[in-house]
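Please look over the sequence and the structure before reading on.

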Amino acid sequence: MIAKASAPAKAILFGEHSVVYDEPAIAGAVNKRAYITIKESEDDRSIFRAPNINFEAELLTREKKYSLLKGKPGIIRYILESLYRAHDHTPIDITLSSNVPIGSGLGSSAAVTVATLAALYRYHNVRFNKKSLAHDAHMVEQAVQGVASPLDTLVSTYGGMVYLSRNKKVEHFNVNFNVPFVVGYTTKHGNTGKMVKDVRSLKNRNPKIINPVISAMGNLTNYAKQAILKRDFNKVGELMNINHGFLDVLGVNTLELSRMVYNAREAGAIGSKTTGAGGGGSIIALCPGKVEQVAEAIEKDDNVLKIHFTRKGVSSRVYK
Ligand code: MEV
């Protein structure tokens, strides 16, 4: 029997960092996916392979351990944690293929976790629904990372755009926001934990300045939700530019991120901002009619990915 599942990566459009202080956030599934295939092993070993990144490891699923056969670990801890929770430890072969570049800031770990759990549930004929899957995948991320917001795993499970409200209520908006975006990313990775900590200490040192900025970021996210629902792209772009300024105030932008943001605007993007934790990592630019120009401008110094938001969430099936 073969079980297959895939899940989309995500991009945060509004609300990174301010979401940590219970302000709202908006993120959406993008048309880049992680694909997992699970089948019985031909011998008594469990093997994980990710041919795209030239990675292979033998898994000791009961002990949450692995021995490296080739490549660099990275995503392996999410696979092991998922197996620990949803597998009976019989020998299996797991293959990951993905068109989400590592370091692109599109949350590849959530996409891989959601796809792995969905494939495992199919393989073992375990009943699940999107709510239970999103919950279990969030538990896996939390176990691996220590802290994780539920946003990434929600988006990778449900697809579409997700609005997380001030009181952590999740709203899936039924909107067709199918406009082209360009994601630019640097080879320098940001460290999310460190960036969140740095923002907290800046806030503690300057509460009267930073607190109003964080609450303005929340208001901005609410305006952005209205603009997205009305498909008012110019307003969305304007709010992305303001949001980038606020992220600058919080100190998470870097020379490389701001270079990509301004290169994108010079080349015709109607809005561009850092996406995710910053300190390295990625930017996102809204560029209807100007995708090629914006991609070319960023590509001079950095890496690019053309994306659009999609309603398609997790999908899985089993072949007997
Ligand atoms: C990182 O992708 C987003 C942050 O807001 C952290 C989080 O929400 O967990 C910076």
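Is the crossing of helix 3 and helix 4 left-handed or right-handed? In this predicted model, helix 3 and helix 4 cross in a right-handed manner.

Two packed helices are described by the angle between their axes and the distance between the axes.

| Pair | Angle between axes | Distance between axes |
|---|---|---|
| Helix 2 (residues 108–123) and helix 4 (residues 151–158) | about 55° | 9 Å |
| Helix 3 (residues 130–145) and helix 4 | roughly 145° | within 9 Å |

**Helix 3 with helix 4.** On the side of helix 3, the contact involves Lys130, Lys131, Leu133, Ala134, Ala137, His138 and Glu141. Helix 4 contributes Asp152, Thr153, Leu154, Thr157 and Tyr158. Sorted by class, the residues in this contact are five nonpolar, three polar and four charged.

**Helix 2 with helix 4.** The angle between helix 2 and helix 4 is about 55°, and the two helices are therefore oblique to each other. Their crossing is right-handed. Ala110, Ala111 and Val114 of helix 2 meet Asp152, Thr153, Ser156 and Thr157 of helix 4. This contact of helix 2 with helix 4 comprises three nonpolar, three polar and one charged residues.

**Confidence.** Where pLDDT is low, the predicted coordinates should not be read in detail. For this chain the mean pLDDT is 94, and 100% of the residues reach 70 or more. Confidence is lowest in strand 8 (residues 170–173), with a mean of 88, and highest in helix 7 (residues 233–249), at 98.

Technical notes:
Residues numbered from 1 in each chain as written. Predicted model: local features only at pLDDT ≥ 70, side-chain atom pairs only at ≥ 80, totals over all residues. Heavy atoms only, no water. Axes fitted to C-alpha atoms, helices over the stretch in contact; angles between N-to-C directions. Helix = DSSP H or I, 4+ residues; strand = E, 2+ residues; numbered from the N terminus. Parallel < 35°, antiparallel > 145°, perpendicular 65-115°, else oblique. Left-handed = near helix turned anticlockwise from the far one by under 90°. Contact = heavy atoms within 4.5 Å. Nonpolar A, V, L, I, M, F, W, Y, C, P; charged D, E, K, R; others polar. pLDDT = per-residue confidence, 0-100.
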